[in-house]
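The following note sets out points for a colleague who wishes to review this structure.

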Amino acid sequence: MIDPKQIAENLINGQAPKVKELVEQALKDGLTPGQILKEGLIEGMNVVGTRFKANEFYIPEVLVAARAMHAGMDILKPLLAKSGDKPTVKFMIGTVKGDLHDIGKNLVGMMMEGAGFEVIDVGIDVSPEKFVEAVKEKKPHVVGMSALLTTTMPSIKTSIEALKSAGVRDKTKILIGGAPITENFAQEVGADGYAPDAASAVDKARELLQQR
Amino acid sequence: MLIIGEKINSTRQRINRALISKDSHYIQQVAVDQVANGAQVLDVNCGINIKNEPELMSWLVRIVQEKVKVSLVIDSPNPDALEAGLKVHQGSAIVNSITAEKNRYEKILPLVKKYQAKVIALTIDEKGMPRTARERFDLAKKLVKVTAEHGIPAKDVYIDSLVHPVSTEPQQVTEFLEALRLIKTLPDVQTICGLSNVSFGLPNRSLLNATFVAMVLCSGLDAAIIDPTDKSIRSAIKAAEALLNRDQYCASYIAAHRESKL
């Protein structure tokens, strides 16, 4: 009988083929996809996030763990969809207009996925109009906006204003981040929260969701 | 190699606090410290303060040059802030930066020409950041062409072909090094890069930065934007220049040793 802890353990160590094998075996053993996701993959990514936040894990280790997570997710996703056990939280993320940086955005996306959220990545250089359109269409619970440059920080403000004008600002929580961003700035531009790193972003998103 | 000190940048919280409170003493101290550690030029950025950036830039350029007799890199995407800095700058400034995006260079290059400045040109265009050495090289050629059309000679153009973190894009460092070699085949063109980005997300960054600086020097880099107070980077530059015959009779290396600066 496979213990989901073994899956978490191998995920933390970035063993993608082993995670895939164990997930398959666990299904054969009769574990539910939901249980494997929660106690195996999400639990493993939680540990990765915590270690990353504490500077015990470095970016390449996070990336290789995320790869292992995906190896397991690829098997679970269709089963979860069938069983109606879909992720309950939709998280949308994009880098704002004029900004081409995607590393931070991708890390946050991976962590959110690892937390069991459905992640909708709208990409880089996302205009306010595109945010509005995407929020209207996908109805995310939380929207993450990233800006890595002092020059593109104002795009966060214009994006939030665009969501306001379109009447959808209050339908979602807005979480922002990126090297030059501060808590102060988040308050100034009317975001709901700020996270200094990818692991904190998950905590912050959970916190915002509780406020709903 | 031209060493440009990176520390007067408003994304650093301590600097930004000094900018907001107009604490010239602190900023001048950072300037003096960098020059004492071998910086030949200083980058100045106040871009986090969007509202009064031109006014701040003018102040920043004046207070820094009041204290250290070096040229500055005026760092802003905002043409008004650039002009405010260029207007009061003494000597030949370097403008940071243009890209190969037309709406950006068309506003900035006339200023570079007007104030007889030099310019840092990033290999980015409307399509984004290139991934391969060849694409970087093609954009560099385009940048040299458009700067020439604005009357700026190739020797005053510093091409920055953008270093990515090796932690997230392991193949990009070798592409960058190859791009440097290609760009150095263009007559008179200078090459520049920031260093610290390469080690993002990894432990012992200063070791990676120092090793990387030796590699880029070997590939022909002409100028680097660094933290000159980081001893391991500084030492690696001295050692690499001696090894590459860019330090006659290893004089600078030996002198640095005698002053216990290695």
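**Notes on the predicted model**

1. A:Asn55 sits in the loop of chain A between α3 (33-53) and α4 (59-83). The model is predicted, and in it the phi of A:Asn55 is near 60°, a positive value in a residue other than glycine. Most residues other than glycine have a negative phi. With a relative accessibility of 58%, A:Asn55 counts as exposed.

2. B:Asn204 belongs to the loop between β7 (190-194) and α8 of chain B. Its relative accessibility of 52% makes B:Asn204 count as exposed.

3. The bond from B:Asn96 to B:Ser97 is cis, with omega near 15°. Most peptide bonds are trans. B:Ser97 is placed in strand β4 of chain B.

4. Strand β4 (residues 94-99) of chain B runs parallel to β5(B), and 5 bridges join them. Within this pairing, B:Thr99 has B:Leu122 of β5(B) as its bridge partner. From β4(B) the chain passes through helix α5 (residues 102-114) of chain B to reach β5(B), in a β-α-β crossover that is right-handed.

5. Strand β5 (residues 118-122) of chain B is mostly covered, with 4 of its 5 residues buried. β5(B) also pairs with strand β6 (residues 157-160) of chain B, in the parallel sense and over 4 bridges. Here B:Leu122 stands opposite B:Asp160 in β6(B).

6. Which residues touch the most other members of the largest nonpolar core? Of its 52 residues, they are B:Ile8, B:Ile27, B:Leu42, B:Leu60, B:Val64 and B:Ile159. If residues up to four places away in sequence are not counted, B:Leu60 touches B:Ile8, B:Leu19, B:Ile27, B:Val44, B:Asn45 and B:Cys46. There is also a second, separate core of 49 residues, which includes A:Ile59, A:Met73, A:Ile103 and A:Val142.

7. The cysteines may be considered next. Over all chains, the count of disulfides comes to 0. For B:Cys218, the closest cysteine sulfur is in B:Cys193, at 14 Å from its own sulfur, too far for a bond; the cut-off for a disulfide is 2.5 Å. B:Cys218 is exposed, with a relative accessible area of 55%, whereas B:Cys46 counts as buried at 0% relative accessibility.

8. How many aromatic pairs are counted over all chains? The count comes to 1. In this pair, the ring centres of B:Phe176 and B:Phe212 are 6.0 Å apart and their planes stand at 40°, so the pair is tilted. The assignment follows because planes under 30 degrees apart count as stacked, over 60 as edge-to-face and the rest as tilted. The pair links distant parts of the chain, 36 residues apart: B:Phe176 is in helix α7 (residues 172-183) of chain B and B:Phe212 in helix α8 (residues 205-218) of chain B. B:Phe176 counts as buried at 1% relative accessibility, and B:Phe212 is buried with a relative accessible area of 3%.

Technical notes: Residues are numbered from 1 along each chain as its sequence is written. Chains are lettered from A and ligands numbered from 1 in the order in which they are written. This is a predicted model: local features need pLDDT of at least 70, side-chain atom pairs count only at pLDDT 80 or more; totals for chains, interfaces and linings use all residues. Side-chain values use heavy atoms; hydrogens and water are left out. Buried means under 20% relative accessible area, exposed over 50%, partly exposed in between (1.4 Å probe, protein chains only). Helices (H or I, at least four residues) and strands (E, at least two) are DSSP runs, numbered from the N terminus. Two strands pair if DSSP finds at least two bridges between them. A crossover is right-handed if, with the strands pointing away from the viewer, the path from the first strand over the helix to the second runs clockwise. A nonpolar core is a set of buried Ala, Val, Leu, Ile, Met, Phe, Trp, Tyr and Cys residues joined through side-chain atoms within 4.5 Å. Contact means heavy atoms within 4.5 Å. Rings of Phe, Tyr and Trp (its six-membered ring) pair if their centres lie within 6.5 Å; planes under 30 degrees apart count as stacked, over 60 as edge-to-face and the rest as tilted.
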